[in-house]
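Student: I would like a close look at how two neighbouring parts of this chain pack together. Please set that part in its surroundings as well, and take it slowly.

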Amino acid sequence: MSEQSHFEELRDVNVWVSLTDSKLDIASVISRVKSPKAGAVVLFAGTTRDNFDGKPVTHLEYSSYAPLALKTMLSIAQSVKEKHALTAISMVHRLGVVPIEEESILIAVSAPHRQAAWKGGEEALELCKEKVEIWKLEEFGGEEGGVWRANRDGKRGVQVESLDASHHG
């Protein structure tokens, strides 16, 4: 029996945002923003690294409330596109388990000139991390277990307690 992948998307004119539990496809994200009007395409690929704060990480696991997260992503993408006069923008975030070295987020932007593309791509990423309703579990392995936290840079999470411990008062 094969696993069914899950994919949700919202769109506007030259704006695409999506959530998926499948491995991310860099070429498809870039192809959405390419245009004869654009002299620059910038891609950000956020990958799972093997450590956080000096501790080994075995993988990350992302969770979200998809309907709200997609609306927030679309609002961010529309705002950044307008502010930086981008030609197009595409943002996709992976949910579920993301192994070491695999991408959890791809943001591609295109613009007539490179400065707008650089600035727009960076702002889209920072706003996505700050506002989108996505949480991640950093799994450290061993007895330490994992830590759930909002998808923010450098913020310490809350230790995940086992279900057994929480049911024995």
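Tutor: Let us begin with a definition: two rings of Phe, Tyr or Trp, where Trp is represented by its six-membered ring, form an aromatic pair if their centres lie within 6.5 Å. When the whole structure, which is a predicted model, is searched in this way, zero aromatic pairs are found.

Before the close look, here is the setting. The chain contains four helices and 12 strands, and of its 169 residues, 43% are buried. If we take the contacts in the chain with a separation of 6 or more, then 66% of them come from residues 24 or more positions apart.

The part to look at closely is the pair formed by helix H2, residues 66–83, and helix H3, residues 114–131, whose axes come within 10 Å and cross at roughly 155°. Because an angle over 145 degrees counts as roughly antiparallel, H2 is described as roughly antiparallel to H3. The crossing of H2 and H3 is also right-handed. On the H2 side, the contact is made by Thr72, Ile76, Val80 and Lys83, while H3 contributes Gly120, Glu123, Ala124, Leu127, Cys128 and Lys131.

One residue of this contact deserves a look of its own. Thr72, which is found in helix H2, has a relative accessible area of 14%, and because buried means under 20%, Thr72 is counted as buried. Leaving aside the neighbours within four places in sequence, Thr72 is in contact with Lys131, Val132 and Glu133. Lys131 is one of the H3 residues already listed in the helix contact.

Val29 lies in helix H1, residues 26–33, and with 5% relative accessibility it counts as buried. Not counting residues up to four places away in sequence, Val29 touches Leu43, Ser90, Val92, Leu106 and Ala108. The C-alpha atoms of Val29 and Met91 are separated by 7.6 Å, although the two residues are 62 residues apart along the chain. Thr20, in turn, lies in strand E2, residues 15–20, and is buried with a relative accessible area of 7%. With residues up to four places away again left out, Thr20 touches His6, Phe7, Val92, His93, Arg94 and Leu95.

Finally, let us turn to two loop residues. Asp53 sits in the loop between strand E4 (51–52) and strand E5 (55–56), and its phi is near 55°, a positive value in a residue other than glycine. With a relative accessible area of 44%, Asp53 is partly exposed. Glu101 belongs to the loop between strand E8 (96–99) and strand E9 (103–111), and its phi, near 75°, is likewise a positive value in a residue other than glycine. Glu101 has a relative accessible area of 66%, and because exposed means over 50%, Glu101 is counted as exposed.

Technical notes: Residues are numbered from 1 along each chain as its sequence is written. This is a predicted model: local features need pLDDT of at least 70, side-chain atom pairs count only at pLDDT 80 or more; totals for chains, interfaces and linings use all residues. Side-chain values use heavy atoms; hydrogens and water are left out. Buried means under 20% relative accessible area, exposed over 50%, partly exposed in between (1.4 Å probe, protein chains only). Rings of Phe, Tyr and Trp (its six-membered ring) pair if their centres lie within 6.5 Å; planes under 30 degrees apart count as stacked, over 60 as edge-to-face and the rest as tilted. Axes are lines fitted to C-alpha atoms, for helices over the stretch in contact, and angles run from 0 to 180 degrees between N-to-C directions. Angles under 35 degrees count as roughly parallel, over 145 as roughly antiparallel, 65 to 115 as roughly perpendicular and the rest as oblique. A crossing is left-handed if the near helix is turned anticlockwise from the far one by less than a right angle, and right-handed if clockwise. Contact means heavy atoms within 4.5 Å.
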